[in-house]
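Have the viewer open as you read.

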Amino acid sequence: MTIAAIGYLRIASTDPNAFTSFCTDMLGLMHAGLAQDGHSQLLRMDAHPFRFRVEPSESDQLLALGLEIATENEWQQLAERLERAGHPCEMGSAQEAALLGVQRFFRLQDPSANTIELYHGRTLSDEPFQSPLGIDRFITADDSGQDMGFGHVVVPAPECDETTEFYTTLLGMSVCDVLSLAQPPSKVVFMHADNPRQHSVALYDQPSPAGVVHIMVEVGTLDEVGLALDRAERGGHPIVASLGRHVNDNMCSFYVLAPGGIPFEYGYDGLQIKDWENYTATESTEGDLWGHAYSFPGPPD
């Protein structure tokens with residue numbers, strides 16, 4: 001296994017102030033000020049310098065997902081493996097690495113044109129995490145303190161088989177579940193990293209204009225989910241999936257649309273796998289045990 005965790009997302013926004021306010025006032029993330037570039041806004045969930053970086057743009061979309069490699073040696077070997085396989089890696093400068101709070105990183109695109117940034121050595125913040133909503137913690141580590149990343153992300157992968165091969169054979173992630181849906185006829189491939197979270201990245205075999213299907217963050221109690229649902233309804237934020245529980249990762253959650261149209265899943269009670277060596281990947285035809293009545297917006301007319 002090479003990928004330790006999903007560390008961060010870089011998100012483009014046509015209205016970064018509105019997006020950031022949604023993340024603080026609705027989700028309960030901590031605004032950590034501006035990045036050193038003077039215009040990107042940083043959002044924290046824990047000791048990491050940021051989990052989401054919101055960058056002003058003329059479009060609303062996912063710019064990149066940051067995947068953490070545990071050691072510099074593994075990071076270097078991965079870069080060499082990707083280059084040999086015909087995937088050129090753009091090495092980030094020292095200045096760019098400092099903006100991301102990492103020692104070194106490189107970026108490239110997967111076969112479905114999703115941009116990924118692979119890094120090692122993230123510098124943690126000394127300032128305690130404080131949610132403006134009083135949320136005690138987001139679930140970004142297991143009980144032993146092992147980092148599990150910010151949550152998970154589902155990205156579009158029209159070239160699904162080739163993209164799955166890229167993440168598994170080259171990046172070292174493993175498939176934990178494949179969900180086949182009848183309506184619309186489609187497939188979601190869920191993959192885990194080298195930590196207990198049931199999945200960190202999932203590939204949806206359909207296109208998405210925003211470059212992201214949804215982003216998941218997890219809290220520590222069901223009450224926090226319920227309170228967030230109340231906030232979403234009071235704030236007029238579109239609920240695009242009602243409260244429900246997933247089959248594969250056991251997450252009890254709802255989905256809400258952020259400004260700009262990126263869906264967030266807000267959940268509790270996600271499954272953690274302590275022994276991946278004895279885990280058998282599943283195949284599902286139903287995504288939900290109950291609930292989750294979906295009403296995602298369709299493509300623009």
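## The second largest pocket

The second largest pocket holds about 170 Å³ of space. A pocket here is an open set of points on a 1 Å grid over the protein atoms alone, with protein on both sides within 12 Å along at least five of seven lines, and lining residues have an atom within 4 Å of a point. Grid points are joined across faces, edges and corners, and a volume is the space filled by probe spheres set on the points.

Its lining has 13 residues, with Gln 36, Leu 42, Pro 49, Ala 98 and Leu 99 nearest the centre. Helix H3 (residues 94–100) supplies the largest share, three residues. By class, nine lining residues are nonpolar, four are polar and none is charged; Ala, Val, Leu, Ile, Met, Phe, Trp, Tyr, Cys and Pro count as nonpolar, Asp, Glu, Lys and Arg as charged, and the others, Gly among them, as polar.

## How the model is read

This is a predicted model, in which local features need pLDDT of at least 70 and side-chain atom pairs count only at pLDDT 80 or more, while totals for chains, interfaces and linings use all residues. Residues are numbered from 1 along each chain as its sequence is written, and side-chain values use heavy atoms, with hydrogens and water left out.

## The largest pocket

About 1,000 Å³ of space lies in the largest pocket. Of its 39 lining residues, Tyr 204, Val 213, His 214, Tyr 294 and Phe 296 are the closest to the centre. Strands E9 (152–156), E10 (174–181), E11 (186–192) and E16 (263–268) each supply at least two lining residues, and E10 gives the most, with three. Helices (H or I, at least four residues) and strands (E, at least two) are DSSP runs, numbered from the N terminus. The lining divides into 21 nonpolar, 13 polar and five charged residues.

## A cavity

What is the volume of the largest cavity? It is about 40 Å³, a cavity being a set of points where a 1.4 Å probe fits but cannot get out. Among the residues that line this cavity are His 152, Arg 197, Glu 218 and Asp 249.

Ser 253 lies in strand E15 (residues 252–257). Why does Ser 253 count as buried? Because its relative accessibility is 0%, and buried means under 20% relative accessible area (1.4 Å probe, protein chains only).

In helix H4 (residues 160–170), the buried residues include Phe 166, Tyr 167 and Leu 170. Gly 172, with a positive phi near 85°, follows H4.

Conventions. Buried < 20%, exposed > 50% of the residue type's maximum accessible area, 1.4 Å probe, protein only.
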